[in-house]
Amino acid sequence: GRLSDGVLIAGWAEPNSGVVELLAELVDEFPLMVVNSLSHMIDGDKNGWDISYWGERVRGILVAVRDSNASEAREAGRRLINRMASRGIMEFRDLLT
């Protein structure tokens with residue numbers, strides 16, 4: 001969709017843009033697109049500040065992805081959590097258990 005294309009092109013979206021909130025609204029219907037968009041946004045957040053700012057919304061998205069019926073989205077979510085952990089962002093590791 002346009003949102004994921006825009007995030008891919010920009011590589012990052014401002015937290016005040018409402019993008020994370022929009023992803024949270026779309027995750028149940030489009031879990032793979034949402035986790036891929038979130039992944040690109042997090043990759044663009046070089047300092048990790050925005051991940052902390054978005055924390056609860058990101059957690060909600062990752063829980064919805066983990067609980068979805070879409071195996072590809074679940075795997076993408078696990079990869080994202082592991083990638084964040086490798087950057088020292090451990091607050092979502094509990095979602096892997």
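The chat below walks through a predicted model of one protein chain.

User: Where is confidence lowest, and where is it highest?

Analyst: Confidence is lowest in helix 1, residues 2–10, where the mean is 51, and highest in helix 6, where the mean is 96. For the protein chain the mean pLDDT is 83, with 80% of the residues reaching 70 or more.

User: How much of the chain is buried?

Analyst: Of the 97 residues in the protein chain, 40% are buried. As for contacts, among those between residues at least 6 apart in sequence, 63% join residues at least 24 apart.

User: Let's take helix 3. Which residues are buried there?

Analyst: In helix 3, which covers residues 31–44, the buried residues are Pro31, Val34, Val35, Ser37, Leu38, Ser39, Met41 and Ile42.

User: Why does Met41 count as buried?

Analyst: Met41 has a relative accessibility of 0%, and buried means under 20%, so Met41 counts as buried. Met41 and Val19 are 22 residues apart in sequence, while their C-alpha atoms are 9.5 Å apart in space.

User: And what span should helix 3 have?

Analyst: Helix 3 has 14 residues, and at 1.5 Å a residue these should span 20 Å; the end C-alpha atoms are 20 Å apart, so the two values agree.

User: What about Ala24, where is that?

Analyst: Ala24 is in helix 2, which runs over residues 19–26. The relative accessible area of Ala24 is 25%, so this residue is partly exposed. Setting aside neighbours within four places in sequence, Ala24 is in contact with Arg57 and Ile61. Ala24 is also 14 residues from Leu38 in sequence, with 9.9 Å between the two C-alpha atoms.

User: Ile61 came up there; which residues are buried in helix 5?

Analyst: The buried residues in helix 5 are Gly55, Val58, Ile61, Leu62, Ala64 and Val65. Helix 5 has 12 residues, which at 1.5 Å a residue should span 16 Å, and its end C-alpha atoms are 16 Å apart, so this agrees.

User: Switching to Ala76, is that one buried or exposed?

Analyst: Ala76 has a relative accessible area of 7%, so it is buried. Ala76 is placed in helix 6, and, not counting residues up to four places away in sequence, it touches Leu32, Val35 and Asn36. Val35 is itself one of the buried residues of helix 3. The C-alpha atoms of Ala76 and Arg66, which are 10 residues apart along the chain, are separated by 9.4 Å.

User: How many cavities are there, by the rule used here?

Analyst: The count comes to 1 cavity of 30 Å³ or more, and the largest cavity has a volume of about 60 Å³.

User: Which residues line the largest cavity?

Analyst: The lining consists of Leu62, Val65, Arg66, Arg74, Gly77, Arg78, Ile81, Leu95 and Leu96. By class, this lining has 5 nonpolar, 1 polar and 3 charged residues. Leu62 and Val65 are also among the buried residues of helix 5.

User: Which helix gives the largest share of that lining?

Analyst: Helix 6 gives the largest share, with 4 residues. Helix 5, residues 55–66, and helix 6, residues 71–86, each supply at least two residues of the lining.

Technical notes:
Residues numbered from 1 in each chain as written. Predicted model: local features only at pLDDT ≥ 70, side-chain atom pairs only at ≥ 80, totals over all residues. Heavy atoms only, no water. 1 Å grid on protein atoms, 1.4 Å probe; cavity = no way out; pocket = protein on both sides within 12 Å on 5 of 7 lines; lining within 4 Å. Points joined across faces, edges and corners; volume = space filled by probe spheres on them. Nonpolar A, V, L, I, M, F, W, Y, C, P; charged D, E, K, R; others polar. pLDDT = per-residue confidence, 0-100. Expected span 1.5 Å × (residues − 1). Buried < 20%, exposed > 50% of the residue type's maximum accessible area, 1.4 Å probe, protein only. Contact = heavy atoms within 4.5 Å.
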